[in-house]
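Here is a short report on a predicted model. It covers a surface patch, a helix pair and the salt bridges.

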Amino acid sequence: MPDLILFAPSSSLLPTVIAGIVGLLIGSFLNVVIHRVPKMMQRESDNYVASESGKPLPHEDRYNLLVPRSCCPKCNHQITALQNIPVISYAILGGKCSNCKTPISIRYPIVELLSGLLSALMIWHFGSGLMGIGTLVFVYLLIAMTFIDADTQLLPDDLTLPLLWLGLLINLNGTFVPLSDALIGAIAGYMSLWSIYWLFKLLTGKEGMGYGDFKLLAALGAWLGWQMLPVIILLSSAVGAVVGIALIVLAKRGRNIPIPFGPYLAAAGLLALLYGPTLTQTYFDFL
C-alpha cells in the first residue's frame, strides 16, 4: 500500500536528521523508563501485599514516569532542563552531579546515543511514512526492555503487551507482513518458547526462562511474521550462548547465575527487521 509521508521531502537527509534528534530526546525519556518502571512494579507489589495483609501501605506518594522530577540519587539535587540535554549535558558536567560530584553512569548517554542512531537508521532505511514511524516505536520499546531485563531479569507486561498489540495493529493493512502471518507469528512465538520452557522444567526441574521472554517473542512475531521466528530464535540463542560462555570463562560468572535472554531476543528482532529476507534466505540455503 502507498506509504503515508509524514515529513516534507525537501531533502533526502532531512527526515533522517530530524529522526536522530528526536531519538536523542526520546532516549533521555527511555532512561527514565528503564530506571522507574521496575521501581513502579515493586512499589505496586509492596502496596498489594500490605493491602492484602491489612497493613498500612508502604508507598502512598505519587511515583510514575513524570512525578517526581529527576534528581541525583545521592544528594537529591533536582536536574534542571539545561542539565538534561541528551549527551551534551553529560559531557559538560564531566559525568558527575553538578552539586555533589557523584559520578553519573555512562549508560545514560549510551542509551541516548543508541536511541538517536537507531532512530536515524530506521527512517533512513524505511522512510518517513507509516512503516518508518512504526519502526521507531518498535525500537524504543526494545531499548527499554533490553536494559530493564539486563538490570532486573524482568520484561514488564507494560512494555511487552503494547509491543504485541501494536504489531498486530500496524499489520492490519500488511505494513510489514499480512495480518494472518502476524497473528500466526504472535501465537507461534509465544508457544515455541512456552514449550521449551516446560520441556526444560520437566527434564531438569528448573526454570530456564521467564514468561516475559514468551511475550517478547510473540510481539516480534506479530511485527515480523512467523517466517522470521526461526532466524530470531537461532540468532538470539547463538549470541546468548557465546556471551554466556564468555561470562563463565572470562568473568568467572557462576554457571547457576541466570543470564537475561530478552536483550538477545531484542537484538535478533532488530536484525530481522532490517535484514530479515536476507537472513531467512541464508538460513534456508544453509539447511
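Tyrosine 211 sits in helix H7, which covers residues 211–224.

Tyrosine 211 also belongs to a nonpolar surface patch. Helix H6, residues 179–204, supplies the largest share of the patch, with five residues.

## How H6 and H7 pack

The axes of H6 and H7 lie 7 Å apart, and the packing angle is about 155°. H6 is therefore roughly antiparallel to H7, because angles over 145 degrees fall in that class. The crossing of the two helices is right-handed.

The structure holds three salt bridges. One of them joins lysine 215 to aspartate 157, with the closest N and O atoms 2.7 Å apart. Lysine 215 is in helix H7 and aspartate 157 is in helix H5 (residues 157–170), so this pair ties together parts that are 58 residues apart in sequence.

Are the two partners buried or partly exposed? Lysine 215 is buried, with a relative accessible area of 19%. That value counts as buried because the cut-off is under 20%. Aspartate 157 is partly exposed, at 36%.

Aspartate 151 pairs with arginine 107 in a salt bridge, and their closest N and O atoms are 2.8 Å apart. This pair links distant parts of the chain, 44 residues apart. Aspartate 151 lies in helix H4 (residues 130–152), and arginine 107 lies in helix H3 (residues 107–126).

Aspartate 151 has a relative accessible area of 44%, so this residue is partly exposed. Arginine 107 is partly exposed as well, at 26%.

Arginine 43 forms a salt bridge with aspartate 61. The closest N and O atoms are 2.7 Å apart. Arginine 43 is part of helix H1 (residues 14–52). Aspartate 61 is in the loop between H1 and helix H2 (88–93). The two residues are 18 residues apart, and their pairing links distant parts of the chain.

Arginine 43 has a relative accessibility of 17%, so this side of the pair counts as buried.

Notes:
Residues numbered from 1 in each chain as written. Predicted model: local features only at pLDDT ≥ 70, side-chain atom pairs only at ≥ 80, totals over all residues. Heavy atoms only, no water. Patch = residues over 30% accessible without salt bridge, like charges linked within 9 Å, V, L, I, M, F, W, Y side chains within 5 Å. Areas by Shrake-Rupley, 256 points an atom, 1.4 Å probe, with all protein chains shown as cover. Salt bridge = Lys/Arg side-chain N within 4 Å of Asp/Glu carboxyl O. Helix = DSSP H or I, 4+ residues; strand = E, 2+ residues; numbered from the N terminus. Axes fitted to C-alpha atoms, helices over the stretch in contact; angles between N-to-C directions. Parallel < 35°, antiparallel > 145°, perpendicular 65-115°, else oblique. Left-handed = near helix turned anticlockwise from the far one by under 90°. Buried < 20%, exposed > 50% of the residue type's maximum accessible area, 1.4 Å probe, protein only.
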